[in-house]
Amino acid sequence: MVLEVEGLTGGYTRKEIIKDISFQVEAGEIVGLIGLNGAGKSTTIKHIIGLMEAFQGEIKLNGMTIKNNPQAYRKSISFVPEVPMLYRGLTLKEHLEITAMAYDLKFETVLENAMPLLKKFRLDERMNWFPEDFSKGMKQKLMITMALISSPQLLLIDEPFVGLDPIAIMDFEELLIKEKEKGHSVLLSTHMLQNAEKICDSFIILHKGMIHAKGTVRELSTELDLEEASLEEIYRQLVEEEGFRNDT
């Protein structure tokens, strides 16, 4: 098991956001984390990364916790945030150099891994450009590239499709499938349910900081007695039956 989240309760200093969350992500599995705004998706991811400290519960990555082996834990993870986080005054090439240093990799190795991605995203001729001047979509493509070049065991992604053009979305979906084929794991938070259904093996549906349902599309449709239903249909049914909209 790559990722194990057990009884996770957490949030900000004086505000509990997620409550008693438990789930697992296996090697070579893509899991979709879905829910309305404020459901706790980003907060869950921040706890896994170690940006927030849990009130209760435990998170293990390949049996490690961030407390007992912080360096190895962090090197096993890559993160693509919803809003690209880039350094002002640094070129694209220098961003790759920083990534190499963060993961203790040789720059030559990082560059070799990055070039096919940069070519796919049509950024290969912009190595000396400053990403702060890029469009949001171009910035997101660079964030994706930086996340993948370390060959992470666990890839955490928060709303990755926002700002990407249709071709880039298809390219990114193909890259995630390739990561899965390598035996790597992905936890993907998104509102774009059609895209998620195409690539995810199973789903975790959050509501009010708690897991409301989880399983494959088939398992969720069986549970709701919705034969052959799509993820969008399942989610709509849950929203309407449980009154999600009235609670947010």
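This is a predicted model: local features need pLDDT of at least 70, side-chain atom pairs count only at pLDDT 80 or more; totals for chains, interfaces and linings use all residues.
**Notebook: rings and cores**

I started at Arg-126, whose charged end sits over the ring of Trp-129, 4.4 Å from its centre.

Next I looked up aromatic pairs and got two in the structure. One joins Trp-129 to Phe-134: ring centres are 6.5 Å apart and the planes are at 55°, so I logged the pair as tilted. Phe-134 is buried, at 6%.

The other pair is Phe-161 with Phe-172. Here I read 6.1 Å between ring centres and 65° between planes; edge-to-face means over 60 degrees, so this pair is edge-to-face. I checked burial for both: Phe-161 has 2% relative accessibility and counts as buried, and Phe-172 is buried at 0%.

Then I turned to the cores. The largest nonpolar core has 50 residues, and the ones touching the most other members are Leu-92, Leu-96, Leu-123, Leu-155, Ile-157 and Leu-176. Helix α5 (residues 136–148) gives this core its largest share, seven residues.

Leaving aside neighbours within four places in sequence, Ile-157 contacts Ile-45, Val-80, Phe-172, Leu-176, Val-186, Leu-187, Leu-188 and Ser-189. So Phe-172, from the edge-to-face pair, turns up again among the contacts of Ile-157.

Last entry: a second, separate core holds 24 residues, including Val-5, Ile-18, Val-31 and Leu-156.

Key:
Residues are numbered from 1 along each chain as its sequence is written. Side-chain values use heavy atoms; hydrogens and water are left out. A nonpolar core is a set of buried Ala, Val, Leu, Ile, Met, Phe, Trp, Tyr and Cys residues joined through side-chain atoms within 4.5 Å. Buried means under 20% relative accessible area, exposed over 50%, partly exposed in between (1.4 Å probe, protein chains only). Helices (H or I, at least four residues) and strands (E, at least two) are DSSP runs, numbered from the N terminus. Contact means heavy atoms within 4.5 Å. Rings of Phe, Tyr and Trp (its six-membered ring) pair if their centres lie within 6.5 Å; planes under 30 degrees apart count as stacked, over 60 as edge-to-face and the rest as tilted. A charge sits over a ring if NZ of Lys or CZ of Arg is within 6 Å of the ring centre and within 35 degrees of the ring normal.
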